[in-house]
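Subject: Structure for you to look at

Hi,

Here is the structure I promised. Please open it and keep it beside this email as you read.

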Amino acid sequence: MTKLAPVGFFFALGQVATVASLGAVAVSFTHVVKALEPAVNAIFSALLLGQVFHPMVYASLLPVFAGVAMASSSELSFSMFGFVMAMLSNVAFAARNVMAAKTGGVGQMGEDNVTRKTNQLAVLTFVATAVLLPVALILPGGLRDFGSAWNAAIASGMAPAKLGSLLGLSGFYFFMYQLSSFWVLSQVPPITHSVLNTLKRVVVIVASLIVFRNPITPVAAIGSAVGIAGVLLYSLTKAHYDRLEAASK
């Protein structure tokens, strides 16, 4: 359990930071900033694991940085808190990946890959809950303030039954999103999962713009497109040089 605690902590921290960012800025902007996650992963892998990639892999990250910078500079809903929370999510998930790599196949119990990945998510979820529960109880605005937040929502005109159903559905869909991601990862190579994850961000960004009708400037739209395209370029470039390295051994 002690070996799993850091993995679970960073897993939970990444989830909390993502939700905090979504509550502070537009959904589309959060996902543009989270497109930097592969870049943060590459940096952490080099510093903590000693995994240094081909220079062209790092060069392929430049469009990601440029795109996020463009989107941030002209984002109408920009707030420093939302940006910092999205970046904290990137750092937390990168740290989780590093810790998971050091502890090996954490929680991967089962006869087949799907079962192992499903159990891995279950183990991480339980550990993350145990590690972060004391923090949620101590922090202002945490679980101790749930009652006042509930009452404030009811006072604003929200029906209790609807509020409860929205909270339940939110938790259910969020867990199913994580579970489906682990299922996909159990069936396809990591590079395929990475590309699909990039396409997921495109779908989320477009859907959020349609549903929430958030205003977006032309510069922010171009920056978002450049950043997402940069993530796809990074994934393909890294896969290419990984294959070359494997072939040379």
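Below is what I found, starting with how the values were made.

This is a predicted model: local features need pLDDT of at least 70, side-chain atom pairs count only at pLDDT 80 or more, and totals for chains, interfaces and linings use all residues. Residues are numbered from 1 along each chain as its sequence is written, and side-chain values use heavy atoms, with hydrogens and water left out.

Start with the helix pair. Helices here are DSSP runs of H or I, at least four residues long, numbered from the N terminus. The axes of H5 and H11 come within 7 Å and cross at roughly 160 degrees. Axes are lines fitted to C-alpha atoms over the stretch in contact, and angles run from 0 to 180 degrees between N-to-C directions. So H5 is roughly antiparallel to H11 (the term covers angles over 145 degrees). Contact means heavy atoms within 4.5 Å. Among the residues making this contact are Val 64 and Val 68 of H5 and Val 226 and Leu 233 of H11.

Next, the largest nonpolar core. It has 14 residues. Such a core is a set of buried Ala, Val, Leu, Ile, Met, Phe, Trp, Tyr and Cys residues joined through side-chain atoms within 4.5 Å; buried means under 20% relative accessible area (1.4 Å probe, protein chains only). Phe 29, Val 32, Val 33 and Val 68 have the most contacts inside it. Helices H2 (27-33), H5 (62-73) and H11 (218-248) each supply at least two of its residues.

Last, Met 56. It is found in helix H4 (residues 55-59). Met 56 and Tyr 241 are 185 residues apart in sequence and 8.7 Å apart in space, C-alpha to C-alpha.

Best wishes

Technical notes: Buried means under 20% relative accessible area, exposed over 50%, partly exposed in between (1.4 Å probe, protein chains only). Angles under 35 degrees count as roughly parallel, over 145 as roughly antiparallel, 65 to 115 as roughly perpendicular and the rest as oblique.
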